[in-house]
Amino acid sequence: KKDNKAAIIQIKNYLQKVPDSVEARYLLGRSLMEVGDLTSAEVELRKALELKYPPDLVIPPLANVMLARGQAKKVIADFAKMDLGTPTAQADLLSTVAVAYSSLGDVPAFQSTVAAALQAKSDHLPALILQARVRAGAKDYDGAFAILDRVLAADSKNSGAWKLKGDVAQAKQGGDGGMEFYRKAVEMRPEFASAHVAIIQLLLKDQKLDEAGKQIDALKKVAPRNPQALFLGASYAYLKKDYKASRDLLQQLHKLTQGAPLSFQLAGAVDFATGAFASAEENLTKALQLSPDLPAARMTLI
């Protein structure tokens, strides 16, 4: 019934009685992933794998969790050449690997991996959504919309398709053209962190801080430990000049992830605003080492 919080309570109660239940470990990992507790989700999924739960079921969500935790290079190293036994599992895994390549800016590898995922299963909806991303990346926005409409015809509640439709609308129209699709994605799946994030980013861009604060609160309710929720909360606090709250949230974020260019950039901005110049220099340098094309980080460092 998609009530992941209730599922987690039930499964943990069961594991107190039967700690070696491999299916319970797997289900707990999946449920934790859905609520955004990525660190715990990875632990449970790895336990399920160690206890010999079928790799076709465990490895695709494990790769997904690792990617969400900022481990794109490890996802590629561990899984890019792995061959799972069933077409659906293989397409699932390759779709995640494709996103890992995309996050690292390797467009040719992203495109070829999407093609491989569709070769494994031609009607695999997540891979079709990525194919729409390929079209959008080539500025074939109408082609991307056509693929997404095909996906939504097969599954009208597919939150990922609604989210990408918003992204394509943003790219094509600008402004807040994607907002209605992002809100539709959240309606279909209230715990869908990426759709919440897209809404919040648009609100922050338009300086609608009160609305953004409410949307951040909504995201925290469904995914309190989600890295994007923490980053946006820190960004919101920074814009409100609540530097202590921003720094606290960034510290929580860096405990959960290995750090990302934008989080180090924000940490540097917070340090600069509070006069902690040595720390600001350190954080901004880290940001630019990870991503040299960050004008705000470079200007603040100067």
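Reader: How much space lies in the second largest pocket?

Author: About 200 Å³. A pocket is an open set of points on a 1 Å grid over the protein atoms alone, where a 1.4 Å probe fits, with protein on both sides within 12 Å along at least five of seven lines; lining residues have an atom within 4 Å of a point. The model is predicted: local features need pLDDT of at least 70 and side-chain atom pairs 80 or more, while totals for chains, interfaces and linings use all residues. Residues are numbered from 1 along each chain, and side-chain values use heavy atoms, without hydrogens and water.

Reader: Which residues lie nearest the centre of the second largest pocket?

Author: F110, R133, V134, A136 and G137, out of 15 lining residues. Helices α7 (107-120), α8 (125-137) and α10 (159-173) each give at least two residues to this lining.

Reader: How are two packed helices described?

Author: By the angle between their axes and the distance between the axes. Here α10 and α11 (residues 179-188) pack at about 170°, their axes 7 Å apart, which makes α10 roughly antiparallel to α11 (an angle over 145 degrees).

Reader: At what angle do α2 and α3 pack?

Author: Helix α2 (residues 22-34) and helix α3 (residues 38-50) pack at about 155°, with axes 8 Å apart. Helix α2 is therefore roughly antiparallel to α3. In this pair, residues including Y26, L28 and L32 of α2 meet residues of α3, among them L38, A41 and L45.

Notes
Axes fitted to C-alpha atoms, helices over the stretch in contact; angles between N-to-C directions. Helix = DSSP H or I, 4+ residues; strand = E, 2+ residues; numbered from the N terminus. Parallel < 35°, antiparallel > 145°, perpendicular 65-115°, else oblique. Contact = heavy atoms within 4.5 Å. Points joined across faces, edges and corners; volume = space filled by probe spheres on them.
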